[in-house]
Amino acid sequence: MAINQTIFIEKSVGKNGINQELDVNTIKKQLNAQMPSSHRKLIISGICDSDTIDTIIDFQKTVLGFHRPDGRIDPNGKTLRALNDSASQVKWANSPVHVNEQWSGDSSKWPQTKKLQSLNPAFRIKVQNVLDALAQRGFQPKIFFGWRSVAVQQELFAKGRTKVRFSFHNAQKPDGTPNAYAADIIDKRWGWNQEAKDNGFWSALGEAAKKQGLVWGGDWTSFKDVAHIQGRQNSELANTKKESGL
Ligand SMILES: [Zn+2]
């Protein structure tokens with residue numbers, strides 16, 4: 001695989017970079033074009049998000065052998081030269097994937113795009129529809145948790161915030177790539193505060209979710225979970241865990 005196109009940037013891109021919109025997109029497109037096939041593609045948004053920085057770091061470690069990658073690409077730097085060098089491109093395209101690095105960190109703090117990416121693709125479309133429907137009604141919905149790790153699940157379980165040690169939030173592909181069948185949706189103004197209920201947010205969420213054929217945690221009697229929606233029935237949990245290789 002060879003990328004013939006040579007790219008140029010005006011200012012630095014990445015961690016602590018200047019991150020001009022055009023430069024960011026140039027870098028993202030180049031990274032996407034030569035990315036190992038199982039690597040998730042970056043979204044061409046003009047924004048240098050944590051996904052972009054993680055990928056630059058991965059590239060610097062894998063291709064350039066940096067022990068302390070700085071996550072930044074300078075107009076005349078080594079990383080940009082490597083991005084334009086066909087031997088480096090082949091090395092990157094054929095490198096083993098560092099799925100766990102891509103998906104590490106506190107998933108509740110990820111940008112919305114990454115939270116959406118962490119959902120099972122068919123479920124993701126329905127969640128997007130729910131978000132759109134709520135926004136149309138004047139709410140300001142956002143995903144609080146899409147996918148989360150089993151380790152985080154255990155912490156929440158210990159605090160009594162969930163009743164299961166494995167949930168649909170933890171579903172993944174056997175290679176560890178997030179593939180969640182659950183999302184917690186809140187209104188960014190109110191979170192879990194009383195105002196959310198007073199302003200009808202939870203009931204609107206339930207309504208929009210059920211319209212998409214999703215399960216709403218607010219319908220549960222033993223453990224009401226008003227922010228929670230999921231794409232599978234509780235009876236499918238054991239099977240989902242097995243599919244996840246967990
Ligand atoms: Zn949930």
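Among contacts in the protein chain between residues at least 6 apart in sequence, what share joins residues at least 24 apart? It's 59%, with contact meaning heavy atoms within 4.5 Å. Before going further, note that this is a predicted model, where local features need pLDDT of at least 70, side-chain atom pairs count only at pLDDT 80 or more, and totals for chains, interfaces and linings use all residues. Residues are numbered from 1 along each chain as its sequence is written, and side-chain values use heavy atoms, with hydrogens and water left out.

Let's start with the overall picture. The protein chain has 11 helices and six strands; these are DSSP runs numbered from the N terminus, helices being H or I with at least four residues and strands E with at least two. Its C-alpha trace spans about 60 × 40 × 30 Å along the principal axes. Of the 246 residues in the protein chain, 48% are buried (buried is under 20% relative accessible area, exposed is over 50%, and partly exposed is in between, using a 1.4 Å probe and protein chains only).

Now for the metal. The zinc ion is coordinated by His169 through NE2, Asp184 through OD and His228 through ND1, at 2.0 to 2.1 Å. Donors here are N, O and S atoms within 2.8 Å of the metal (3.2 Å for Na, K and Ca), and water is not among the atoms, so sites may look incomplete. Along the sequence, the spacing of the donor residues reads H-x14-D-x43-H. His169 sits in the loop between α8 (150–158) and β4 (182–187), while His228 belongs to strand β6 (residues 228–230), so this pair links distant parts of the chain, 59 residues apart. Both His169 and His228 are buried.

Next, the aromatic rings. A search of the whole structure turns up eight aromatic pairs. Rings of Phe, Tyr and Trp (its six-membered ring) pair if their centres lie within 6.5 Å; planes under 30 degrees apart count as stacked, over 60 as edge-to-face and the rest as tilted. Take Phe59 and Trp92: their ring centres are 5.2 Å apart and their planes are at 75°, so they're edge-to-face. Phe59 lies in helix α2 (residues 50–62) and Trp92 in helix α4 (residues 86–93), so the pair ties together parts that are 33 residues apart in sequence. Phe59 and Trp92 are both buried.

Phe144 and Phe145 are edge-to-face too, because their centres are 5.3 Å apart and their planes are at 90°. Phe144 counts as partly exposed at 23% relative accessibility, whereas Phe145 counts as buried at 7%. The charged end of Arg148 sits over the ring of Phe145, 4.8 Å from its centre. That wording requires NZ of Lys or CZ of Arg to be within 6 Å of the ring centre and within 35 degrees of the ring normal. Arg232 does this with Tyr181, its charged end being 4.0 Å from the ring centre. Elsewhere, Phe139, Trp190, Phe201 and Trp202 form one aromatic cluster.

Finally, look at the loop between β1 (13–14) and α1, where you'll find Asn16. Asn16 has a positive phi of about 60° although it is not a glycine, and it is exposed, with a relative accessible area of 69%. Asn19 is found in the loop between β1 and α1, and has a positive phi of about 55°, again without being a glycine. At 23% relative accessibility, Asn19 counts as partly exposed.
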